[in-house]
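Let's take a walk through this one, a stop at a time. Have the viewer open and follow along.

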Amino acid sequence: MDSLEMSQRAIAGDEEAFLALMQLHKEALLRTAFAFLKDEHSALEALQETTYRAYMKIHTVKNPAYLKTWLIRIMMNYCQDQLKKNKRLVMDGRANEASTTSNFEQLELAEALASLNEKEQQLIYLKYFQDVKIKDIAALEKVPEGTVKSRLHKTLRTLRRHFEGKGEMDHV
Amino acid sequence: MYDREEEKLASLRQRLDTETLPSEQADAAIFQGMERAKREKRLTRVRKKRTLWTLAAAAVLILAFATSIRVSPAFANAVAVIPGLEKFVELIEQDKGLSGIFKNDYYQAIGASEQQGNHTLTIDGLILDESGMNVYYTIESSESLEDIQVKNARLKNTKEIPPYSMSLGGPHDGKSPNRYTDHIEFYFEDPMVFDDLAFGFELSATVSGEEVLFSVPFTVPEDIKPSLVFALDEVAEIEGQKIIIEEVIIHPLRAEINISLDPTNSMKILQFEDMRLEDENGNVWGSMLNGFTSTGNLSEGSISYLLQSNYFEQPGELYLRFNTVQALPVEEAFLVIDTEKGELISGPKDARFSMEKADQKEAIFALSGIEDEAHRYGLTTGIEDAEGKRFYPSSESMSTPDNEIQWTVEFGTTDYTNPLRLELFAYPNRIKGDVKVELKNPRE
C-alpha cells in the first residue's frame, strides 16, 4: 500500500490505514512538536492530541495528497495554542512546568520562531523544515502563489532582523 | 536575496533532524489518541440516538406523572432494605419488569468499591441480562457531593462490548450532602451473552469542579437468565398500512418489540402511541418504559420498541397489542424549508401547522388549535440539506402557549445549503385499528 492509497483509505474511515498513516508521519510530527515545544513530554502529549484531532476530522480531508501537510498543520496549531496557554500561565505567576525541562538544543529555533507571528511560523516551518512547495502552500491556503512568495519574503526579512539582533549571522 | 537566512534555517533544521525521538512512547501516544477519538465517536453516535429517546421519553414521562403513584408498603419496605435502592422504590414499583426482578431475587448484590481521594464509590448491586445492565451505586465522601455531575460511565469485559446506550446521572437527592446514589442503565443494542462474568465499571464525575475517575472491578456472582425469543414475522395492517412484527424478545429488564415497515406503504408510520403487552382479559402487562423507549429509526424502516417486561410473571395468554399509530402520507412526512427566505415549502397538509420564523440557526414551528389533544412529542429527527449532507438538530425544545404547541429546532450549524429537509419524528395525525398478536410461550 503506497502512502496515497493509505491516505485515501484512512479518509474513507479505514482504521488500520489511519494507524499506518500515523506511523508513517510520526517522525515528522514529533520533530514539528520539538520545533515548537520545549520538552519531550509536551511533544508526546502533542502527538496524542494531534492523533485524536486527526481521527475526528480526517473524513473532511478533500485531497489525500496533502494529508501529511494537513497533519503537520494540526500539530502546529496545537503547539501554538499550547505556547499561548503557557504564556498565560507564566503571566499568572504560576509555575510553568514545561519550561523547567527545556531542551536547550532547540532553544535557538524556538526563539527565532517566536519572533514571527503564528501564520509566519507555519509558513517558515512548512517551507524550510518540511520542504512543502510554494505551489502546494498556495493551494492549501487557497491564495495565489505570488501571495505566498511575498509573505515568505516579508517573513525572511523579519527573521533577518531577528538573527542580526542576536548577532548570530556571522557564525553561519 | 535571503541566502543567509535560508542557510541559518537549514542549519537549525539539521539540528532538529538529528534529535533522537522517543519512538516507543510515540507509538503509545498515537494509540492513546486514537482510542480516545474512537471512544468519543462512539459516544457521539449514542448521544445522537439518545436525543430521539429523550423526546419520546418526555412523552412517556408525562403519562407516568398523570397516573398517580401508589406503592404497596410491603414492597416498598422489601426494596428499601437493599442499600442504595430507597430512592428507586417508586420507579421499581411502577415497572412490572423491575418489580418482578426484585420479587424473584434476580437483583444481585455486589458491594465492590474503590476510593479516589476523599470519595468512595460502591457498586451496591446490579441486574444483568442479555439486553443490558443496570448498575446501582453509591458515592460517599468527606466533601459535599451536592454539585456532583456524572459525566460518563463505561463497562469493560474481556469481550468487546459494542456501542451501547446508557442513561445516567440523576441530580443529587438533597437528603445527605455526603452521599450520592444513582443507577446507570446500560442498554446493549444487540443482545450480549458474556462468558466471563468479570467486569470493570468506570465512572467519571466532577465534584466541586474537580474531575474524579473511578474504576471498580467486580464479578457478577450468578449466571444470567436467558431471554425469551418469540419469532413472529406477522404482518399487521392498520388502514391499509402494513406493519411487520418481526419478533418479540422478553428480557428480565425489558421487552423488546422489533418492527419493520412495508416500503410500499402509502403512509409513513411515525409513532406507536399505545403499544403494549396484554393478557387474555385485557390487563396490561407491559406498557412503555420510562427512559429509553425505542432504538433504531423508523425512517430507516425498522425499530425496536422497549416495553416493561413480564419475564417473571406469565399470564395464561399473552398478546402484543396496539390501536393508535401516528402516520402521515409519505409525501407529507417531512418539512422542506428555506431558512434564507423564511419559507415553509412543504410539509403536512394541515392548516393548523405553520412555520413561525426561520433564520440560519433555527426555525420555529407551531401547531395551533389543539386544546383537546395531549400531544407531547418532539417534531423532527434528522436534517438533510440540498446537497444531501445529513446532520442532527443540536437541540429541539417544545413549549405550549395557549392552545398551541411550538417547537424550536436549532440546527447547530450554518454550514448547509438551502432548502433543508427535516424528517418528522411524530405528528398528531392518527390512524386506528386493532392489532393483536398472540405470543405463544416458547417455554411451554
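Start with a helix pair in chain A: helix 2 and helix 3 of chain A pack at an angle of about 135 degrees, their axes 10 Å apart. Keep in mind that you're looking at a predicted model. As for handedness, helix 2 of chain A goes past helix 3 of chain A in a right-handed crossing.

Who does the touching here? From helix 2 of chain A you get A:Phe18, A:Met22, A:Leu29, A:Leu30, A:Ala33 and A:Phe34, and from helix 3 of chain A come A:Ala43, A:Ala46, A:Leu47, A:Thr50, A:Thr51 and A:Tyr55. Sort the residues of this helix 2 to helix 3 contact by class and you find 10 nonpolar, two polar and no charged ones.

Helix 7 of chain A deserves a stop of its own. Helix 7 of chain A packs against helix 1 (residues 3-18) of chain B at about 75 degrees, with the axes 10 Å apart. Angles from 65 to 115 degrees count as roughly perpendicular, and that's why helix 7 of chain A is put down as roughly perpendicular to helix 1 of chain B.

Is A:Lys127 buried or exposed? It counts as buried, because it has 20 C-beta neighbours inside 10 Å. Setting aside neighbours within four places in sequence, A:Lys127 is in contact with A:Val132, A:Ile137 and A:Leu152. Take A:Leu152: it lies 25 residues from A:Lys127 in sequence, with 8.9 Å between the C-alpha atoms of the two.

Over to chain B, where the inventory is five helices and 27 strands. Of its 444 residues, 32% count as buried. Among chain B contacts with a separation of 6 or more, 65% are between residues 24 or more positions apart.

One of the sheets to look at is an open one of three strands, in the order 4-7-8 (chain B), with antiparallel pairing. Strand 4 (149-156) and strand 8 of chain B stand at the edges with a single partner strand each, so one side of each has no neighbour in the sheet. On average, and ignoring direction, neighbouring strands of this sheet are turned by 15 degrees against each other. Strand 4 of chain B is joined to strand 7 of chain B by seven bridges, and here B:Arg154 stands opposite B:Glu202 in strand 7 of chain B.

On the other flank, strand 7 (residues 198-207) and strand 8 (residues 210-219) of chain B run antiparallel, joined by 10 bridges. B:Ser204 stands opposite B:Leu213 in strand 8 of chain B. The hairpin of strand 7 and strand 8 of chain B has two residues between the strands, and in it B:Ser208 takes a positive phi near 45 degrees.

Last stop: a four-stranded open sheet in chain B, ordered 20-21-25-24 and paired antiparallel. Its edges are strand 20 (353-358) and strand 24 (395-399) of chain B, each with a single partner strand, so one side of each is left without a neighbour in the sheet. The twist from one strand to the next averages 20 degrees. Strand 20 of chain B pairs with strand 21 (residues 362-368) of chain B over five bridges, and B:Lys357 stands opposite B:Ile364 in strand 21 of chain B.

Key: Residues numbered from 1 in each chain as written. Chains lettered and ligands numbered in written order. Predicted model: local features only at pLDDT ≥ 70, side-chain atom pairs only at ≥ 80, totals over all residues. Buried ≥ 20, exposed ≤ 12 C-beta atoms within 10 Å, placed from the backbone. Contact = placed C-beta atoms within 7 Å. Pairing = 2+ DSSP bridges. Axes fitted to C-alpha atoms, helices over the stretch in contact; angles between N-to-C directions. Parallel < 35°, antiparallel > 145°, perpendicular 65-115°, else oblique. Left-handed = near helix turned anticlockwise from the far one by under 90°. Nonpolar A, V, L, I, M, F, W, Y, C, P; charged D, E, K, R; others polar.
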